[in-house]
Amino acid sequence: MSNETFLWIFSRGIELGLIVVCLLPLRALFRRKIPRLFSYILWIALPANIVYRFVTGIVLVKIRKGADMVHREPKVVIDESTVRIMKWCWIGGTAVVVLWLTVSYISFLRKLIGSIRLQKGVYLADRIRAPFTLGLFCPKIYLPVSLQEEYYEYVILHERVHISRKDVWMKYLAVGFLGLFWFQPLLWFACRLFMNDMEEACDETVIRKETPEFREGYARALVEVSFQTGKV
């Protein structure tokens, strides 16, 4: 990896932190006035910024080459030896994050060994505490065996909404961001808020236009899952 590429990544990390700072008051405003879905959608600004910077960067390089312009240095001006040290620190940190995520994922998959098929695309596992959806192209829903059967309908519906909205893809994108920009603490904070907004937006979608009886049962299911995961 060239120093220029690293500086591009480093600059984007700083820029993403500034975007998070700008999004926080907007998120607070949206949560008071309009459905949670909009605060969830707000976070698209982060990957959109990266795509915009990447595309415009390619266009600018082609324009400069076509105009035979002198190559410009990156905006972040740092001593070359310092850049090399920072680059290798970033590579080492990224390797650690990737290794940690890989080990965690493998350990997580081992907990699913012996899962029992409940219905099409839905499985029961005895070594998990919370329901979740796993898989990008053929997503499967996993429920803990400790979950009371009366709550299956609500939890499965919740997870199917996640599947229909491709929320699993968004989670993988968030993990990719953390792996690439792990040095930006604001992104770790933003990721947690993003996951909360995703869940709340999903809850709003599930209970929309449902009967009061359904909403009451759904609320009980949420409390039950929260107790099992230790979030209350």
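## Overall organisation

Among the contacts in the protein with a separation of 6 or more, 64% are accounted for by residues 24 or more positions apart. The coordinates come from a predicted model, and the chain holds eight helices and four strands, which from the N terminus on follow the order α-α-α-α-β-β-β-β-α-α-α-α.

Of the 232 residues in the protein, 35% are buried. The accessible surface comes to about 14500 Å², and carbon and sulfur atoms contribute 65% of that area.

In soluble globular proteins, nonpolar side chains tend to be buried together. Here the largest nonpolar core has 26 residues, and the members that touch the most others are Leu 16, Trp 43, Leu 46, Phe 177, Phe 181 and Leu 187. At least two residues of this core are supplied by each of H1 (3–33), H2 (36–42), H3 (45–66), H4 (80–110), H6 (167–180) and H7 (185–207), with H1 giving the most, at eight residues.

Phe 181 illustrates how these parts of the chain meet: leaving aside residues up to four places away in sequence, Phe 181 touches Ile 9, Arg 12, Gly 13, Leu 16, Ile 50 and Leu 187. Apart from this core lies another one, of 17 residues, which includes Ile 141, Val 161, Cys 202 and Val 225.

Helix H5 covers residues 152–164, and its 13 residues reach 18 Å from the first C-alpha to the last, close to the 18 Å expected at 1.5 Å a residue. The buried residues of H5 are Tyr 152, Tyr 154, Val 155, Ile 156, His 158, Glu 159, Val 161 and His 162; of these, Val 161 is also a member of the 17-residue core.

Most residues other than glycine have a negative phi. Lys 166, although it is not a glycine, has a positive phi of about 60°.

## Ser 11 in helix H1

Ser 11 is found in helix H1, and the side chain of Ser 11 reaches the backbone oxygen of Leu 7 at 2.7 Å. Ser 11 counts as buried because its relative accessibility is 11%, where the cut-off for a buried residue is under 20%.

Note on methods. Residues are numbered from 1 along each chain as its sequence is written. This is a predicted model: local features need pLDDT of at least 70, side-chain atom pairs count only at pLDDT 80 or more; totals for chains, interfaces and linings use all residues. Side-chain values use heavy atoms; hydrogens and water are left out. A nonpolar core is a set of buried Ala, Val, Leu, Ile, Met, Phe, Trp, Tyr and Cys residues joined through side-chain atoms within 4.5 Å. Buried means under 20% relative accessible area, exposed over 50%, partly exposed in between (1.4 Å probe, protein chains only). Contact means heavy atoms within 4.5 Å. The expected span of a helix is 1.5 Å times one less than its number of residues. A polar contact is a pair of N or O atoms within 3.5 Å; within protein, one must be able to donate a hydrogen and the other to accept it, and residues adjacent in sequence count only if both atoms are side-chain atoms. Accessible areas come from the Shrake-Rupley method with a 1.4 Å probe; for residues, only the protein chains shown count as cover.
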